[in-house]
Amino acid sequence: EIFGPVVSITEFKDEEDAVALANTSKYGLGAGIWTEDVRRAHRISKKLQSGIMWVNCHHRNDPSSPWGGFGHSGIGRENGPEAFEEYTTSKSLTIRTSDVPENWF
């Protein structure tokens, strides 16, 4: 996995081709979309297999947002509530304190 600053430029025919090219990578930590069309940004970001998305910027990090990738770019998430869930396990405990006989049914 290459860490920047690196810019890869590849020609593509249309949105579908661009998404297909991006999703052929076995990595998926971050992806950037540069466009003036916000609807296009939403449409493409839903299709890209990347854990972090930026539109018209790069490497802006909000500590309350989850950070992590798809594919070979790692397992789990850092930051946000997702990080808490990665490092904790829930458990259920019921304690009967009565001496009165109990009928389960």
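**Charge, fold and selected residues of the predicted chain**

The chain carries 11 positive and 15 negative side chains. The centres of these two sets lie 3 Å apart. The model is predicted. Its mean pLDDT is 84, and 95% of the residues score at least 70. Helix α1 has the highest mean pLDDT, at 94. Helix α3, residues 80–86, has the lowest, at 77. Where pLDDT is low, the predicted coordinates should not be read in detail.

Three helices and four strands make up the elements of the chain. From the N terminus on, their order is α-β-β-α-β-β-α. The radius of gyration is 22 Å, well over the 13 Å given by the globule rule for 105 residues, so the chain is more spread out than a compact globule. Along its principal axes, the C-alpha trace spans about 75 × 30 × 25 Å.

Of its 105 residues, 17% count as buried. The accessible surface comes to about 9,100 Å². Carbon and sulfur atoms account for 54% of that surface. Among contacts with a separation of 6 or more, 32% join residues 24 or more positions apart.

Individual residues are described next, beginning with a lysine ahead of the helices. K13 lies in the segment before α1, which covers residues 15–23. The relative accessible area of K13 is 75%; this is over 50%, so K13 counts as exposed. G68 is 55 residues from K13 along the chain. The C-alpha atoms of K13 and G68 are separated by 29 Å.

K26 is placed in the loop between α1 and β1, the latter being residues 27–28. With a relative accessible area of 48%, K26 is partly exposed. Leaving aside residues up to four places away in sequence, K26 touches F70, G71 and H72. Strand β4 covers residues 70–71, so two of these partners, F70 and G71, fall within the range of β4. S65 is 39 residues from K26 along the chain, and their C-alpha atoms are separated by 23 Å.

K47 belongs to helix α2, residues 38–47. Its relative accessibility is 35%, and K47 therefore counts as partly exposed. K47 touches E16, V19 and N23, not counting residues up to four places away in sequence.

The loop between β3 and β4 holds several residues of note. Strand β3 covers residues 52–55, and β4 covers residues 70–71. N56 is found in the loop between them. N56 has a positive phi of about 60°, although it is not a glycine. At 39% relative accessibility, N56 is partly exposed.

H59 also lies in the loop between β3 and β4. A positive phi of about 60° is found for H59, which is not a glycine either. The relative accessible area of H59 is 46%, and H59 is partly exposed.

D62 is a further residue in the loop between β3 and β4. At 41% relative accessibility, D62 counts as partly exposed. D62 and V38 are 24 residues apart in sequence. C-alpha to C-alpha, D62 and V38 are 20 Å apart in space. Helix α2 covers residues 38–47, so V38 falls within the range of α2.

Methods:
Residues numbered from 1 in each chain as written. Predicted model: local features only at pLDDT ≥ 70, side-chain atom pairs only at ≥ 80, totals over all residues. Heavy atoms only, no water. Helix = DSSP H or I, 4+ residues; strand = E, 2+ residues; numbered from the N terminus. Buried < 20%, exposed > 50% of the residue type's maximum accessible area, 1.4 Å probe, protein only. Rg over C-alpha atoms; globule rule 2.2 N^0.38 Å. Contact = heavy atoms within 4.5 Å. Areas by Shrake-Rupley, 256 points an atom, 1.4 Å probe, with all protein chains shown as cover. Lys, Arg positive; Asp, Glu negative; His and termini not counted. Charge placed at Lys NZ, Arg CZ, Asp CG, Glu CD. pLDDT = per-residue confidence, 0-100.
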